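Please walk through this model with the structure open beside the text. Follow the residues in the order given.

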Amino acid sequence: MSPNTHNTAHQFIGSWSLISWSVTAPDRAVTFPYGEDAVGRIMYQPEGKMVACLMRRQRTRFAAGNRHEATPTECIAAYREYVSYFGSFTVQESDGTVTHHVEGATFSNWIGTDLVRNFIFQGNTLTLSLVAPNGSAHQLIWERQSAKSG
């Protein structure tokens, strides 16, 4: 790892809160997968591990107090309103990308895969972006959390 790559990787370290997640379709229509007020957290550790969790702010509540008693409809809503994954990460500074090597995820097809994201640091924000197979452009803007607020 070059000294610059190490410095760039160090910029990721810490806890980040989701500011926005927007998707621009090929026809330029903009949507917000979990609403305009979605919440999330992504954390990067110095040891090269990471975790990401994103969800709709106003999630559908379960009728029962036990998640094992959820109805099929409640389970579908819960799955569609939340996504998370964890694993390790590597930074490809020359490409401007970070790769999340997925070890576990709510979407099981991601397990054992690499999720490559373009990155830009600007002030106290980190923007991660990608173009999905269907041509839609995802942009996730994260704000660094201080040790006191994180």
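E81 sits in the loop between α2 (72–80) and β5 (82–92). The model is predicted, and the values here are computed from it. Is E81 buried or exposed? Its relative accessibility is 10%. Buried means under 20%, so E81 counts as buried. Which residues does E81 touch, leaving aside those up to four places away in sequence? They are Y34, L54, M55, R56, R59 and T60.

Step back into α2. Here E74, A77 and A78 are buried. Seen down the axis of α2, the buried residues fall within an arc of 100°, so they line one face of the helix. That buried set packs against β5. Now turn to the face of α2 that points away from the buried side. It carries P72, T73 and R80, which are exposed.

Next, go to the loop between β1 (14–24) and β2 (30–31), where R28 is placed. R28 is not a glycine, yet its phi is positive, at about 80°. Is R28 buried or exposed? Exposed means over 50% relative accessibility. R28 has 71%, so it counts as exposed.

Finish in helix α1, residues 3–12, which holds H10. H10 has a relative accessibility of 54%, so this residue also counts as exposed. How far apart are H10 and Q45 in space, C-alpha to C-alpha? The distance is 9.1 Å, although 35 residues separate H10 and Q45 in sequence.

Key:
Residues numbered from 1 in each chain as written. Predicted model: local features only at pLDDT ≥ 70, side-chain atom pairs only at ≥ 80, totals over all residues. Heavy atoms only, no water. Helix = DSSP H or I, 4+ residues; strand = E, 2+ residues; numbered from the N terminus. Buried < 20%, exposed > 50% of the residue type's maximum accessible area, 1.4 Å probe, protein only. Contact = heavy atoms within 4.5 Å. Arc of directions from axis to C-beta.
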